[in-house]
Amino acid sequence: MTFYHRTLYHASSITHSVIGNFLDEKREDIIVSTGRSLKLLRFELGNTSPAIQTLISVDTYDIISSLSKFRRKDETKDWIIIAADSGSTTILTVIAEKMEFEVVVQEKFKVQTPKTLPVQHLAVDSQGRAIFTAAMEEVKQFWFFHGPGNRILNFLDDPEKKTLIYDIAFVDINSENIVVAYLATAYEELHVGVKYEIKRRRKPSLVFSEVDKDKVTEIKRIKCLDYANSLISGQLV
């Protein structure tokens, strides 16, 4: 027998948020996660004061680790992608007629140690061709769409032993090649009795890689400042 415990009050602290065209291509709404709940919110300008209206709210029965959006080619609305602590990566779309989330595709991994479960970091290609997920340590995965309606995901593993991953991003170079970047640092372990301790941590490196459907090729590796820990991807010019 399995029991599921939940509180009487819904969680109110927002852990992740993303804005996009989820219901209407002409109007933007907000997707937020509050622990295990996923909500679709809309900002309304009322007669007296602005207000935020909750359009959809569901309990995922899981802890949402990362949240993002993407748009497939020739689509007019954004899709939602979430990665959860149970090891699942799920792509959702909003059905306007029913006002509910619909699961497009879901993949689940065996639950490993939390530090090697690829749900901590999440990045999406601006052209909607691929998804990049990573764990806090060692594990990186690339997802590609294929099959009828592009609703099947194939993934490619790119492990890197004894490496801490700080952040990941796609690099938009307006070409057919998929280029990603990630910020990581290598470390060495010191065996003390039955425990492993980090002996030495090197300076972080910014790594650029080209991704194909069957291999990952490192292009360049740049040493960064010791306190570098985050990446921002976008069109700055």
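Which residue forms a salt bridge with Asp-29? I looked it up and found Arg-42, with the closest N and O atoms 2.7 Å apart. For the record, a salt bridge here is a side-chain nitrogen of Lys or Arg within 4 Å of a carboxyl oxygen of Asp or Glu.

**Ground rules**

I am working with a predicted model, where local features need pLDDT of at least 70 and side-chain atom pairs count only at pLDDT 80 or more, while totals for chains, interfaces and linings use all residues. Residues are numbered from 1 along each chain as its sequence is written, and side-chain values use heavy atoms, with hydrogens and water left out.

**Entry 1: strands 2 and 3**

I stayed with the Arg-42 and Asp-29 pair for a moment. It links distant parts of the chain, with Arg-42 in strand 3 and Asp-29 in strand 2, 13 residues apart. My strands are DSSP runs of E, at least two residues long, numbered from the N terminus.

Are these two partners buried or exposed? Arg-42 is buried at a relative accessible area of 15%, and Asp-29 is buried at 0%. The cut-offs I use are under 20% relative accessible area for buried, over 50% for exposed, and partly exposed in between (1.4 Å probe, protein chains only).

I then checked a second pair between these strands. Arg-27 forms a salt bridge with Glu-44, and their closest N and O atoms are 3.3 Å apart. Here Arg-27 sits in strand 2 (residues 27–34) and Glu-44 in strand 3, 17 residues apart. Arg-27 is partly exposed at 32%, and Glu-44 is also partly exposed, at 27% relative accessibility.

How many salt bridges does the rule give? The count comes to 10. A reminder to myself: side chains of opposite charge can pair when their charged atoms come close.

I picked out Glu-218 and Arg-221, whose side chains meet at 3.0 Å, N to O. Glu-218 is partly exposed at 42% relative accessibility, and Arg-221 is partly exposed at 39%. Shared partners join Lys-140, Asp-158, Glu-160, Glu-218 and Arg-221 into one network of salt bridges.

**Entry 2: a nonpolar patch**

Back to strand 3 (residues 37–45), where I found Phe-43. Phe-43 is partly exposed, with a relative accessible area of 46%. Together with Leu-45 and Ile-52, Phe-43 makes a nonpolar surface patch of about 360 Å². Patch members have over 30% relative accessible area and no salt bridge; like charges are joined within 9 Å, and nonpolar side chains (Val, Leu, Ile, Met, Phe, Trp, Tyr) within 5 Å. The areas come from the Shrake-Rupley method with a 1.4 Å probe, and for residues only the protein chains shown count as cover.

**Entry 3: the largest pocket**

What is the volume of the largest pocket? I read about 380 Å³. A pocket, on a 1 Å grid over the protein atoms alone, is an open set of points where a 1.4 Å probe fits, with protein on both sides within 12 Å along at least five of seven lines; lining residues have an atom within 4 Å of a point. The volume is the space filled by probe spheres set on the points, which are joined across faces, edges and corners.

I noted 17 lining residues, and Val-18, Leu-67, Ser-68, Lys-69 and Leu-122 lie nearest the centre. Strand 1 (16–24), strand 5 (64–70) and strand 9 (121–124) are the elements that give two or more residues to this lining. Strand 5 gives the most, with six residues. By type, the lining divides into six nonpolar, seven polar and four charged residues. In that scheme Ala, Val, Leu, Ile, Met, Phe, Trp, Tyr, Cys and Pro are nonpolar, Asp, Glu, Lys and Arg are charged, and the others, Gly among them, are polar.

I also looked at Ala-123 in strand 9, which is buried at 7% relative accessibility.

**Entry 4: backbone and chain-end checks**

Which residues other than glycine did I note with positive phi? Tyr-61 has phi near 55° and is found in the loop between strand 4 (50–59) and strand 5. Met-99 has phi near 50° and is placed in the loop between strand 7 (88–95) and strand 8 (100–108). Met-99 is partly exposed at 32% relative accessibility.

Leu-225 is exposed, with a relative accessible area of 54%. From C-alpha to C-alpha, Leu-225 and Ser-205 are 8.5 Å apart in space and 20 residues apart in sequence.

Notes:
Helices (H or I, at least four residues) and strands (E, at least two) are DSSP runs, numbered from the N terminus.
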